[in-house]
Amino acid sequence: MGTAGPDPSSNYTEPARKSPTNLRLMRMIDDQYLRTPFFGSRRMTAWLFHYGEHVNRKSVARLMARMGPEAIHAGPRTSTRDPGHMVYPYLLRGLTIDCRDQVWSTDITYILLERGFTYRTAVIDWYSRYVLCWRLSNTLDGRFCLEGLEEALSGGRPAIFNTDQGVQFRAKA
């Protein structure tokens, strides 16, 4: 009989880790992208070069593709209005806000973490700038927005509640 071959478990390797240089560049790209979301790979490369990072555009484009941000520019119309959803008029143009609970507003933003990000929503009173409630979520479903709104409504009712018309705020719930 022959000898047994090498142990099959030795064929598996640890997943490749991102280099410290790439992690540093990705952090810089992300920070700058939050300030200038219209930067593509060319402008981002020039910005990095200005700050002493000698990288080529292909490397920056590869890192940006891995991270997901894209330059903001006119593109094809990828979303059309759903006829089932009512579009509400903007009621705040020219309005003088002079008392509490006249206008509340909410929106969603993301918070960058060391290993990813989380979503945050907050409801604020426009007159006092008081944060009535806030919620965090690791998913972008509308449930955490609804929970925050219910908490805010437990303390009062606004005359106008202003949101963007994104899917989280147009859900039937």
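Which residue forms a salt bridge with glutamate 151? Arginine 135 does, and the closest N and O atoms are 2.7 Å apart. A salt bridge here is a side-chain nitrogen of Lys or Arg within 4 Å of a carboxyl oxygen of Asp or Glu. This pair links distant parts of the chain: glutamate 151 sits in helix α4 (residues 143-153), arginine 135 in strand β3 (residues 131-137), 16 residues apart. Helices (H or I, at least four residues) and strands (E, at least two) are DSSP runs, numbered from the N terminus.

A word on the model. It is predicted: local features need pLDDT of at least 70, side-chain atom pairs count only at pLDDT 80 or more, and totals for chains, interfaces and linings use all residues. Residues are numbered from 1 along each chain as its sequence is written, and side-chain values use heavy atoms, leaving out hydrogens and water.

By the salt-bridge rule, the count is three. Another one joins glutamate 53 and arginine 24, at 2.5 Å, N to O. Glutamate 53 lies in the loop between α2 and α3 and arginine 24 in helix α1, so the pair ties together parts 29 residues apart in sequence. Glutamate 53 is buried, at 14% relative accessibility. Arginine 24 is partly exposed, at 37%. The cut-offs: buried is under 20% relative accessible area, exposed over 50%, partly exposed in between (1.4 Å probe, protein chains only).

Now helix α3, residues 57-67. Val60, Leu63 and Met64 are buried there. The face turned away from the buried side carries exposed Lys58 and Ala65. The buried residues of α3 pack against α1 (20-35) and α2 (41-50), where contact means heavy atoms within 4.5 Å. After α3 comes glycine 68, with a positive phi near 105°.
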